[in-house]
Amino acid sequence: MNNALITHEQRALLLSNGCASLRDPDFDPVPVVKLFTPDASATWLLGAIDPDDHDRAYGLCDLGLGLPELGYLSLEELVGLRGRIVLPVERDLYFRADRRLSAYARDARLAESYAREVGRRAPLIGEDTAAVLAGLRAPAPAASVPARGE
């Protein structure tokens with residue numbers, strides 16, 4: 001199956017992780033790819049693809065409902081998924097995992113959201129942006145432009 005969400009290199013690593021998880025049920029992969037809906041709150045961190053069913057991926061699934069969980073998903077279904085304003089699922093081109101999948105899952109469960117967990121840890125973005133991404137407060141209103149003659 002050709003899936004535009006995942007590169008050939010990522011697919012190979014995900015399949016390798018899938019084989020490793022068959023050999024060792026306690027295998028805890030490092031996430032390989034992050035997928036998200038740009039117009040909704042859903043995020044997926046994929047750690048493995050089932051070597052017997054290349055459409056079946058395993059990872060952290062957070063639909064933005066406060067219940068992130070580890071589980072299986074269909075890559076084909078993700079390709080057809082659309083957010084609130086009909087934008088497709090995208091791959092985060094800048095995602096670099098820094099820990100095992102179970103650690104992401106633990107932290108996301110404690111925060112009740114992957115996005116909130118990222119907001120607390122985000123060292124590369126400003127504090128205001130991190131707070132907005134984490135849903136802790138609304139963005140500051142834009143400065144008003146004075147009307148002519150004021």
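Which residue of S4 stands opposite Arg 56? Ser 74 does, and the views below start from the whole fold and work their way to that pair and beyond. This is a predicted model, in which local features need pLDDT of at least 70 and side-chain atom pairs count only at pLDDT 80 or more, while totals for chains, interfaces and linings use all residues. Residues are numbered from 1 along each chain as its sequence is written, and side-chain values use heavy atoms, with hydrogens and water left out.

**View 1. The protein chain holds five helices and five strands.** Helices (H or I, at least four residues) and strands (E, at least two) are DSSP runs, numbered from the N terminus. Read from that terminus, the elements follow the order α-β-β-β-β-α-β-α-α-α. Of the 150 residues, 38% count as buried; buried means under 20% relative accessible area, exposed over 50%, and partly exposed in between, with a 1.4 Å probe and protein chains only. Among contacts (heavy atoms within 4.5 Å) between residues at least 6 apart in sequence, 49% join residues at least 24 apart.

**View 2. Five strands make an open sheet in the order S4-S3-S2-S1-S5.** The pairing is antiparallel, and two strands pair if DSSP finds at least two bridges between them. Strand S4 (69-74) and strand S5 (90-91) stand at the edges with a single partner strand each, so one side of each is left without a neighbour in the sheet. Helix H1 (residues 8-23) packs on the sheet and touches S1, S2 and S5, its direction making about 65 degrees with that of S2. Helix H3 (residues 101-111) also packs on the sheet, where it touches S2, strand S3 (56-62) and S4, at about 30 degrees to the direction of S3. For these angles, axes are lines fitted to C-alpha atoms, for helices over the stretch in contact, and angles run from 0 to 180 degrees between N-to-C directions.

**View 3. Two strand pairs can be followed residue by residue.** Strand S1 (residues 33-36) pairs with strand S2 (residues 43-49) in the antiparallel sense over four bridges, and Phe 36 stands opposite Thr 43 in S2. S3 and S4 run antiparallel too, joined by six bridges. Here is the pair from the opening question: Arg 56 opposite Ser 74 in S4. S3 and S4 form a hairpin with six residues between them, and Gly 64 in the turn has a positive phi of about 80 degrees.

**View 4. Helix H1 has a buried set of residues.** The 16 residues of H1 should span 22 Å at 1.5 Å a residue, and its end C-alpha atoms are 23 Å apart, which agrees; the expected span is 1.5 Å times one less than the number of residues. Gln 10, Arg 11, Leu 14, Leu 15, Asn 17, Gly 18 and Ala 20 are buried in H1. Their cover includes S1, S2, H2 and S5.

**View 5. The largest nonpolar core has 17 residues.** A nonpolar core is a set of buried Ala, Val, Leu, Ile, Met, Phe, Trp, Tyr and Cys residues joined through side-chain atoms within 4.5 Å. Leu 35, Trp 44, Leu 46, Leu 73 and Leu 75 touch the most other members. H1, S1, S2, S3 and helix H2 (75-80) each supply at least two residues of this core, and S2 gives the most, with three. Not counting residues up to four places away in sequence, Leu 35 touches residues including Leu 5, Trp 44, Leu 46, Leu 78 and Val 89. A second, separate core of eight residues includes Leu 45, Tyr 104, Ala 105 and Tyr 114.

**View 6. Asp 98, Arg 99, Arg 106 and Asp 107 are linked in a network of salt bridges.** A salt bridge is a side-chain nitrogen of Lys or Arg within 4 Å of a carboxyl oxygen of Asp or Glu, and the whole structure has five. Arg 99 meets Asp 98 at 3.0 Å, N to O, and Asp 107 with its closest N and O atoms 2.4 Å apart. Arg 106 bridges to Asp 107 at 3.2 Å between the closest N and O atoms. Arg 99 is buried at 15% relative accessible area, and Asp 107 is buried at 15% relative accessibility. Asp 98 is exposed at 53%, whereas Arg 106 is partly exposed at 46%.

**View 7. Val 86 has a positive phi of about 70 degrees although it is not a glycine.** Most residues other than glycine have a negative phi. Val 86 lies in the loop between H2 and S5 and is exposed, with a relative accessible area of 57%.
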